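Biologist: Please take me through this model. I would like to ask about one part at a time.

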Amino acid sequence: MQTNQLLLIFCSALLLLGLLAFFAGRSKATRLRSAGTAMFAQPDQYAWFTVLSTAGPAVVVSALGAFVLLLMGADIPTLYLLAASLVIAAIGLLVSLNQVKPDFHARQAIERVIRMTLAGAALISILTTFGILISIISEALRFFQMHSFWEFITGTTWNPGASFLASAGRGDGSGAEFGSVPLFAGTFMITAIAMLVAVPIGLLSAIYMSEFAPRKVRTVAKPVLEVLAGIPTVVYGFFAAITVAPIIVNIAGFLGLDASYNNALAPGIVMGIMIIPFISSLSDDVINSVPDSMRQGSLALGMTKGETIRDVVVPAAMPGIISASLLGMSRAMGETMIVVMAAGMRPNLTANPLEDMTTVTVRIVAALTGDQEFESAETLSAFALGLVLFVITLALNLVSVLMIRRFREKYRVNNL
Amino acid sequence: MSHSFDEISQQLKRRHRKSTRLKWITMGSLGLAGLFLVLFFADMLSKGLPAFQQAYIQTEISYTQEAETDGRRAFDEELLPLISRTAVRTIPLELRNNPDMIGTSKAEWVLANSDVDQYLKGHRHRLSDEEQEALDARVESGQVDLRFNTTFFGSGDSKIAENAGILSAVVGTIMTMIVTLAISFPIGVMTAIYLEEFAPDNRLTQIIEININNLAAIPSILFGLLGLAIFINFFGVPRSSPLVGGMTLALMTLPVIIISTRTALRSVPESIRHAGFGVGCSRWQVVRDHVLPLAMPGIMTGSIIGLAQAMGETAPLIIVGMVAFIPDVGVSFTNAATVMPAQIFTWAGEPEQAFVEKTAGGILVLLTILISLNAFAVVMRKKFERRW
Amino acid sequence: MNSHATVMNGQQTPAVGQPYTRNEAACHDLSFRVRDLNLWYGKNQALKNLNIDLFQKNVTALIGPSGCGKSTFLRCLNRMNDLIPSVRTEGLVEMDGLDVNAPKMDEVALRRRVGMVFQKPNPFPKSIFENIAYAPRMHDLVSRKAEQEELVEKALRDAGLWNEVKDKLHEPGTSLSGGQQQRLCIARAIAVQPDVILMDEPTSALDPISTATIEDLMDKLKEKFTIITVTHNMQQAARVADYTAFFHLGEIIEYNDTKVMFSTPAQKKTEDYISGRYG
């Protein structure tokens, strides 16, 4: 028999058993109640309890079985597994029907199950993090068995070229070099350009919105700016590659400079534009939560509005502003599509933003979209790069959270 | 010791100027950000709007005997470099299905090739001088026309620019989003309910909270690595399928839904819960019957925003292989599919000029959907917003 | 109003803006002249036809139940009400013979001469030194480091804080205790060398010992500055003020020599308030 058909039969059998449980449970409870016994719960609650105890264990058993089947490749025939589950369901039904007694707290039992289900859902987020960590670390470890960690961290040549030959059994792959320094240099360069665009514009816009702008301008400007954050990155990538890069090449040519069409400036600037709302929005919130007493204290000393902002409000909001910038930075470092589409593929250790250079995320995509064996060093190198990226962005996020917490405690604001 | 107003005002002039300057600089920054936005949309519109039109040429198709084996014979020799290969390719099939047509001829509008299309729209093209002349003559006599591009909205991807459409990507996006929502919505809402209404304030709860905030800030490409290593390599979920893409995106959307649901739950005042407890409801009954219904608009708004975010995501999908070439529209969770952003990415990589327009057109479609979703969320929030 | 009608306790109705009884020990050079001052928050009138002459180098206390407009009035004197968009004022507030609300009056210049200390201490998130040196430096009162140090020491000595903080001038101002922070704010206001210092319930957030210190301080400071203080605490007014004005529902009910006001008030309402019948 087909697995699909088997599954269908199993599901309908379970459904039938569940229905049976519901009505049997309810009728027994109703009967008991109409006999005049005081009961702890409503008949429906008993009914649901019987359903839960019929279907619950059965589903759990079959899911566990399927898991074992899939992972261990254990040889349990599906038919037996499902049959066993159904037997368990039947046992559950009988036991629970027996439990339908006046002094049984059916509602509490149900709510315990609900509570556990909710807690189980909450654990998924932890599992996800672990999943990311485990998947990246285990593959990265395999990579570091092939190539030294030290060479990866300090090497200045990234040339995975010959490694696929090694995995195909030809050559020994000795020509491949995995020095990630040029990739990180590219990432940092583009991130730096993005921050040079985003931090001043974002911060100054936030200052305007929170300190100078009339209420109306503010209510319009904030959501409009946030549109910038909602534009998909692939769209920004296209914009950077098709529109911004040629403009930069033209301007550079006009100035007598030589710029590559894959220069670092275009993705950097566009990434900066993308990050503006992250910085402006959070900075705006932070500046707004600087207590008004600070501003009044300064104004009462005969300071102008500008001096108050520059010397009192902005310094007070500084932890929040730094926090926003760090968040923006972590986003820029992990950003993929813009650089994949607009930055170069060539690992290039240079300080000239007009040259093409590649980034960590570009190489991760390149390594995983080629026709490589999964086992090849180049594919696995993506996970090593991903690991470093994970560590860096995690550190940036944690520092950012700490900074904002310090700000929050200092001024006792709760809305951040 | 003290100064008169006049003396002070004199010194203040310079400082006031500085203050005003700061105002203008900050205003300029906001203006600059706005200008970026305007330029961006202007650029996308100017590049993408032409994609919604497509060149057609009116010609006499003569269904001769030879055309049954070689579609080119059905057309005027001079026209062949101008019309689409797809128009030629369908002729033999058409004749085989309707043998009666052989020997007849009829005037019809046929799809022009992308070079004609680009030439008419004033873009870079590869037509020779003679071809341009022939075309110009037909334009004069009204035999060439730009019409609404049904192909773009009605068909899947193609290597032939004039035949490429976005429909398969739209369907792929819908399938992927169904998976994403089906996973992230229940889990996200349940997590939020647990954390907000049930969780004891212990170490584990704190870890979960910190972890959720962190998850929201992890670069999306790392979710792709997870999808590849765990879903595809470990569990054997089919590569490139809406299932694996949707599962990967679900993990990314989870924190958005959890955070917005918690905010919505928190905005339901404690007095509602106390009222529920007061009439003898259990905690779960209070949540189910009183808190959740009141928080629902907020939860929906957050979920829509999370959905819009997931819809524009590309990087993790590339890693799990959802950049496949999908010419046919297929409704399946386990077959290879592509999504709109991935389609845009693929087209952006095509060297042909006509694909630039397709890319920008695809972007306009995607942006329209995303902006409508967000606008819908905003309107919903406004409509159901409640002040306690 | 009959300008010479007898009111209570044998006192005469004074000329417009003048106190019922003059405190002969106090200075009577004019600091502020206020005539027919009205103020609205949106549609609500908060101040009604205020007339008062405030004298230099005195402590004048403004008392009254909450919401009576005393703080609002105080904030008219250095135009801090400008910061609230819905506020509208009419009438005359004159300093040095100039209308402070006149269009050509620079409110920044005004605030430079009329300093203010707030209810809750609000030191800047800077070091103690910078909290004080910042404003004078911006006003070009001092420039060289040595001058700044001298000024900071002087201001801190005047505020009676020097001995407590001289060893930690570069620690943040927020690290001090509440009472110290408030004295730091006073030192900050003094350092700008204003003519007037407005104090808006400066001790309401402080413990009794800090309160006593600040009251002593006010007594010393009035030699150099005009001090106008709002207080909830009638004993405080009685202790520190030369003149006291009693506000009720946006009006000045009685403006009098403090001692006379607390022993033999001229108005029935004042007596009721002082004897604790409301407020």
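**Strands, chain contacts and cores**

Modeller: Strand 3 (residues 59–63) and strand 8 of chain C pair in the parallel sense over four bridges. Strands here are DSSP E runs of at least two residues and helices are H or I runs of at least four, numbered from the N terminus; strands pair if DSSP finds at least two bridges between them. The model is predicted, with local features requiring pLDDT of at least 70 and side-chain atom pairs 80 or more, whereas totals for chains, interfaces and linings use all residues. Residues are numbered from 1 along each chain as its sequence is written, while chains are lettered from A and ligands numbered from 1 in the order written.

Biologist: Which residue stands opposite C:Ile228?

Modeller: That residue is C:Thr60.

Biologist: And how many bridges join strand 7 to strand 8 in chain C?

Modeller: Five bridges, again parallel, with strand 7 covering residues 196–200 of chain C. One of the bridge partners is the pair C:Val196 and C:Thr226, the latter in strand 8 of chain C.

Biologist: Why is strand 8 of chain C largely enclosed?

Modeller: Five of the five residues of strand 8 (residues 226–230) of chain C are buried, so the rest of the structure largely encloses this strand. Buried means that 20 or more other C-beta atoms, placed from the backbone, lie within 10 Å of the residue's own.

Biologist: Which residues lie on each side of that strand?

Modeller: C:Thr226, C:Ile228 and C:Val230 are on one side, and C:Ile227 and C:Thr229 are on the other. Both faces of strand 8 of chain C are therefore covered, and in general side chains of a regular strand alternate between the two faces of the sheet.

Biologist: Turning to the antiparallel sheet, what is its strand order?

Modeller: The order is 2-1-4-5 in chain C, and the four strands form an open sheet. Strand 2 (44–55) and strand 5 (98–99) of chain C are the edge strands, each pairing on one side only. Strand 1 (residues 30–41) and strand 2 of chain C are joined by eight bridges. Among the partners, C:Trp40 is bridged to C:Gln45 of strand 2 of chain C.

Biologist: Let us move to chain A. How many helices and strands does the chain have?

Modeller: Chain A has 15 helices and two strands. Of its 416 residues, 49% are buried.

Biologist: What are the numbers for A with C?

Modeller: There, 15 residues come from chain A and 21 from chain C. On the chain A side, helix 11 (292–299) and helix 12 (305–334) of chain A are the elements giving two or more residues.

Biologist: Finally, how many residues are in the largest nonpolar core?

Modeller: It has 208 residues, and those with the most contacts inside it are A:Ala240, A:Val270, A:Ala342 and B:Leu222. Such a core is a set of buried Ala, Val, Leu, Ile, Met, Phe, Trp, Tyr and Cys residues joined through C-beta atoms within 7 Å. Helix 7 (residues 181–212) of chain A gives the most to this core, with 17 residues. A second, separate core of 80 residues includes C:Val100, C:Ala133, C:Leu156 and C:Ala245.

Biologist: What does A:Val270 touch?

Modeller: Leaving aside residues up to four places away in sequence, A:Val270 touches A:Tyr236, A:Phe239, A:Ala240, A:Val244, A:Ile338 and A:Ala342.

Methods:
Two residues are in contact if their C-beta atoms, placed from the backbone, lie within 7 Å. A residue is buried if 20 or more other C-beta atoms lie within 10 Å of its own, exposed if 12 or fewer, and partly exposed in between; C-beta atoms are placed from the backbone.
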